[in-house]
Amino acid sequence: MAGAEKPLPRPAPESRAFWEGAKEKKLMLPCCDACGKFWFPPSQRCPHCLSSNFDWRETKGEGRIYSFVVYHRVYHPAFEADVPYVVAIVELDEGPRLITNIIDAPDRVRCDARVRVRFEEADADVVLPKFALIE
Amino acid sequence: MIEPSPRLRNRCAIAGCGNSRLGQVPGVSSLDLLIEAMANALDDCGLTAKDIDGIVTRGPDDAYCHHQLIGERLGINARFSTSLDNGGASQILAVAIAAMAIDAGLATTVLCGYGRDAWSRTHRSEGARVRNLTRPESQHAQEFGPEFGYFGAVAAHAFGAQRHMHEFGTTREQFAEIALAFREHATRNPAAQIQAPLTAEDYFKARLIVSPFNLYDCSLRSDGAGAVIVTTAERARDLRARPVLIRGFGSFNNLSGWFADENMIKTAAKESGEAAYRMAGIGPSDVDTAQLYDCFTYMVLVQLEDYGFCRKGEGGAFVQSGALRMGGSLPTNTSGGQLSEAHVEGMLQIVEGVRQMRGAYPSERQVKDAEVALISGHGGNQVCHSTLILGRA
């Protein structure tokens, strides 16, 4: 299975703006005009108040690690060279939580540690928002 | 708020139960495993398929209208039949819906069950083994997961374990005690998929899967099925097997998601359990044995807290007291559970609860003087929960 490629996101229609933003190194999320709250994953109505009036807004790109795990088992051959790697739930300061990677060494990662977004090119057209510890 | 109705307390009973061969059963489909378990459940209480007028099942994720396939194989039509979509919480929900259908006069005798071929399915090819393919790929996430190397249920639950360790100081030694206790139970269960004793040394030498979980924190990949027959308590008394009363049931679903709020460390077992306790008219101190959904060691620990067997954050100390072992304060997963008997998505927990309430096991497997069993189901993207309370008749 050598040479396997990592899966790329296959965006739903409602999340295209998230990935377009990432290509420009902006962490964009939907934010409700009616109640002012951000949400994730993207959808066409605010899950807090069901308003359909919203904008895509850039977040600060900072937050804390709510929880994390370290993959030791290879679930997909393209990640064989990456193990052990960290997958985390990052809670942005704006509220929403996202699945991402922490690019630091696994033994340095802790719950509640502060992190900042670090954009990484997956290929010519796709940029992934990963996170790094704030020193 | 409308309270769970005590009218349903002890209204129905489980009249019969059965399981199929468990573990590695190559060459047999999940449907045929389930029919095997259903035939055993019918035989257990002396009924035939023609006596069944209701079916509630949950299919494998790639089966459409599963209850129809079951009726076809049993050669029966049904006054009431459906199949459910709450993952591992479906199996108890099936029993609850059966009791509600009987109470509503829509059926008299309902067959509930679940079967899977997860061992065979994940051992068809090297690719299937590596990717752990128990679900069709079309149901996998398309974004916000796989591109970050996030796959599988192990990691989803390991997130909860990690946060619980951070907030409450829970340790891997405490997870180990859960794996060891259930394995000890499996050594007395001749049907269990794995019966070899497990030591703490074995546990800590095992390879990490997705830390904080290692191999022994994870449930088994199993082929197998279980089935139960629900009818009125009155009718159940006239059948061959000793009936077991359905004292109460409940459910709750944290549909906001496993990652939202504190759902990973304060699970829907809390509200689901409270509903079941209210219907049954009892509390946690009345429960003699628990059969908990143990897809991972951590899920046992957090449910013990959420069901009120100990306080929030004290699940680790509770298990380390030896509570889960035979002779402990709450013998739990006395068949070995999904960690050691076989993982059939909570269905075998119901079967074991019924058998404990019949009180007919040899003494080394029987929870002494047990009158009340609490059984749990968990699944559906980790947020669906169901609870069943059974009582000795």
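This is a predicted model: local features need pLDDT of at least 70, side-chain atom pairs count only at pLDDT 80 or more; totals for chains, interfaces and linings use all residues.
Chain A contains one helix and seven strands. Read from the N terminus, its elements follow the order α-β-β-β-β-β-β-β. Along the principal axes, the C-alpha atoms of the chain occupy a box of roughly 50 × 30 × 25 Å. The radius of gyration of chain A is 16 Å, which agrees with the value near 14 Å that a compact globule of 135 residues would have. Of these 135 residues, 30% are buried. Among the contacts in chain A with a separation of 6 or more, 49% are made by residues 24 or more positions apart.

Eight bridges connect β4(A) with β3(A), and the two strands run antiparallel. In this pairing, A:I65 is placed opposite A:V90 of β4(A). Strand β5 of chain A, residues 97-102, is likewise joined to β4(A) in the antiparallel sense, through six bridges. Here A:V87 has A:N101 of β5(A) as its bridge partner. Four residues lie between the strands of the β4(A) and β5(A) hairpin, in which A:G95 adopts a positive phi near 120°. Because six of its eight residues are buried, β4(A) is largely enclosed by the rest of the structure.

A:H76 counts as partly exposed because it has 19 C-beta neighbours inside 10 Å, whereas a buried residue has 20 or more. The C-alpha atom of A:H76 is separated by 7.9 Å from that of A:K6, although the two residues are 70 residues apart along the chain. The other is A:P84, which also lies in the loop between β3 and β4 of chain A. The peptide bond joining A:V83 and A:P84 is cis, with omega about -5°.

The contact between the chains takes 34 residues from chain A and 27 residues from chain B. On the side of chain B that touches chain A, the elements giving two or more residues are α5 (126-131), α6 (152-168) and β5 (208-211) of chain B. Of these, α6(B) gives the most, with seven residues. The residues on this side of chain B comprise 14 nonpolar, eight polar and five charged. Strand pairing also crosses between the chains: strand β3 of chain A, residues 62-71, is joined to β5(B) by two bridges, and the two strands run antiparallel. The bridge partner of A:Y71 in β5(B) is B:V210. A further cis peptide bond, with omega near 15°, leads from B:S211 to B:P212. B:P212 is situated in the loop between β5 and β6 (213-214) of chain B.

The largest nonpolar core contains 155 residues, of which B:I14, B:V95, B:A98, B:V228, B:V230 and B:L390 touch the most other members. The largest share of this core, ten residues, is contributed by α3(B). Beyond its neighbours within four places in sequence, B:I14 contacts B:V228, B:I229, B:V230, B:P243, B:V244, B:I246, B:V354 and B:L390.

Helix α3 of chain B spans residues 90-103, and its 14 residues reach 19 Å from the first C-alpha to the last, close to the expected 20 Å. Twelve of these 14 residues are buried, so α3(B) is largely enclosed by the rest of the structure. The buried residues include B:I92, B:L93, B:V95, B:I97 and B:I102. After α3(B) comes B:G105, which has a positive phi, near 80°.

Most residues other than glycine have a negative phi. Against this background, A:L50 has a positive phi of about 65° although it is not a glycine. A:L50 is found in the loop between β1 (28-32) and β2 (54-58) of chain A. With 10 C-beta neighbours inside 10 Å, A:L50 counts as exposed. In chain B, B:N10 also has a positive phi of about 65° without being a glycine. B:N10 is placed in the segment before β1 (12-19) of chain B. B:N10 is partly exposed, with 17 other C-beta atoms within 10 Å.

Note on methods: Residues are numbered from 1 along each chain as its sequence is written. Chains are lettered from A and ligands numbered from 1 in the order in which they are written. The expected span of a helix is 1.5 Å times one less than its number of residues. The radius of gyration is taken over C-alpha atoms; the globule rule is 2.2 Å times the number of residues to the power 0.38. Two residues are in contact if their C-beta atoms, placed from the backbone, lie within 7 Å. Ala, Val, Leu, Ile, Met, Phe, Trp, Tyr, Cys and Pro count as nonpolar, Asp, Glu, Lys and Arg as charged, and the others, Gly among them, as polar. Two strands pair if DSSP finds at least two bridges between them. A nonpolar core is a set of buried Ala, Val, Leu, Ile, Met, Phe, Trp, Tyr and Cys residues joined through C-beta atoms within 7 Å.
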